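Subject: Structure for your review

Dear colleague,

I am handing over the structure below, and I would be grateful if you could read it alongside the notes that come after it.

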Amino acid sequence: MGKIVWSSAYSVQSGYLDHQHQILIQIVNDFNLAIARGEGKKIAYPILNRLVQYAEKHFRDEEKLLEIARYPAEQLNAQIREHEKLTEEIFRHCENWSNYGQEALPEIGRFLKEWLMDHILTSDMKFSKYVANVDDKFLSAK
Ligand SMILES: [Fe+2]
């Protein structure tokens with residue numbers, strides 16, 4: 001599984017959200033690297049746990065910024081639903097993991113990579129022009 005390399009083409013025009021996306025990319029890369037090295041059994045769970053916690057913070061910050069940026073309610077609700085769906089899907093994958101063991105790990109790694117790229121390039125790109133002129137500094141203090 002190739003790692004994701006950040007590129008300026010991934011920028012959603014918010015320095016703060018871009019930074020959070022870079023951290024999410026790093027966590028997904030760490031997950032896939034651990035599996036490739038055969039260390040999945042030992043460290044995949046803590047990495048996944050970190051991902052869930054960080055993704056939750058990222059989603060909250062993103063939703064807050066979108067409200068301030070006056071992102072249209074319908075699109076904001078779709079974004080919130082996407083965030084909820086991801087959390088559900090991760091838990092579903094974790095169930096597979098406890099049912100099928102280590103064999104489920106590469107599939108989880110593939111899913112996370114595809115989801116993250118889709119989140120950034122499809123869902124989040126839609127709001128880039130709304131957040132481009134909004135001061136996002138208030139988020140970093142929390
Ligand atoms: Fe995002």
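Predicted model: local features only at pLDDT ≥ 70, side-chain atom pairs only at ≥ 80, totals over all residues.

Just after helix 1 comes Gly38, which takes a positive phi of about 75°.

Helix 2, which comprises residues 40-68, has 29 residues and reaches 40 Å from its first C-alpha to its last, close to the 42 Å that would be expected at 1.5 Å a residue. The buried residues here are Gly40, Ala44, Ile47, Leu48, Leu51, Ala55, His58, Glu62, Leu65 and Leu66. Helix 2 is followed by Arg70, and the phi of Arg70 is positive as well, near 55°.

Turning to the packing, helix 1 and helix 2 meet at an angle of about 165°, with their axes 9 Å apart. Since an angle over 145 degrees counts as roughly antiparallel, helix 1 is roughly antiparallel to helix 2. The crossing of helix 1 with helix 2 is left-handed, and the residues in this contact divide by class into 16 nonpolar, three polar and four charged.

Helix 1 also packs against helix 4 (residues 105-123), at an angle of about 160° and with the axes 9 Å apart, which makes helix 1 roughly antiparallel to helix 4. This crossing, too, is left-handed. On the side of helix 1 the contact involves His21, Leu24, Ile25, Val28, Phe31, Asn32 and Ile35, while helix 4 contributes Leu105, Pro106, Gly109, Leu112, Lys113, Leu116 and Ile120. By class, these are 10 nonpolar, three polar and one charged residues.

Helix 2 has a further partner in helix 3 (residues 73-100): their axes come within 10 Å and cross at roughly 175°, so that helix 2 is roughly antiparallel to helix 3. In this contact Val52, Ala55, Phe59, Glu63, Leu66 and Glu67 of helix 2 meet Leu76, Gln79, Ile80, His83, Leu86 and Ile90 of helix 3, and the residues comprise eight nonpolar, two polar and two charged.

Two residues of helix 2 may be worth a look on their own. Leu48 lies in helix 2 and is buried, because 22 other C-beta atoms are found within 10 Å, where 20 or more are required. Leu48 is 21 residues from Ile27 in sequence, yet their C-alpha atoms are 8.1 Å apart in space.

Asp61 is likewise placed in helix 2, but Asp61 counts as partly exposed, because 19 other C-beta atoms lie within 10 Å and the threshold for a buried residue is 20 or more. The C-alpha atoms of Asp61 and Tyr16 are separated by 9.2 Å, although the two residues are 45 apart along the chain. Once neighbours within four places in sequence are left aside, Asp61 is in contact with Gln20 and Leu139.

Conventions. Residues numbered from 1 in each chain as written. Helix = DSSP H or I, 4+ residues; strand = E, 2+ residues; numbered from the N terminus. Axes fitted to C-alpha atoms, helices over the stretch in contact; angles between N-to-C directions. Parallel < 35°, antiparallel > 145°, perpendicular 65-115°, else oblique. Left-handed = near helix turned anticlockwise from the far one by under 90°. Contact = placed C-beta atoms within 7 Å. Nonpolar A, V, L, I, M, F, W, Y, C, P; charged D, E, K, R; others polar. Expected span 1.5 Å × (residues − 1). Buried ≥ 20, exposed ≤ 12 C-beta atoms within 10 Å, placed from the backbone.
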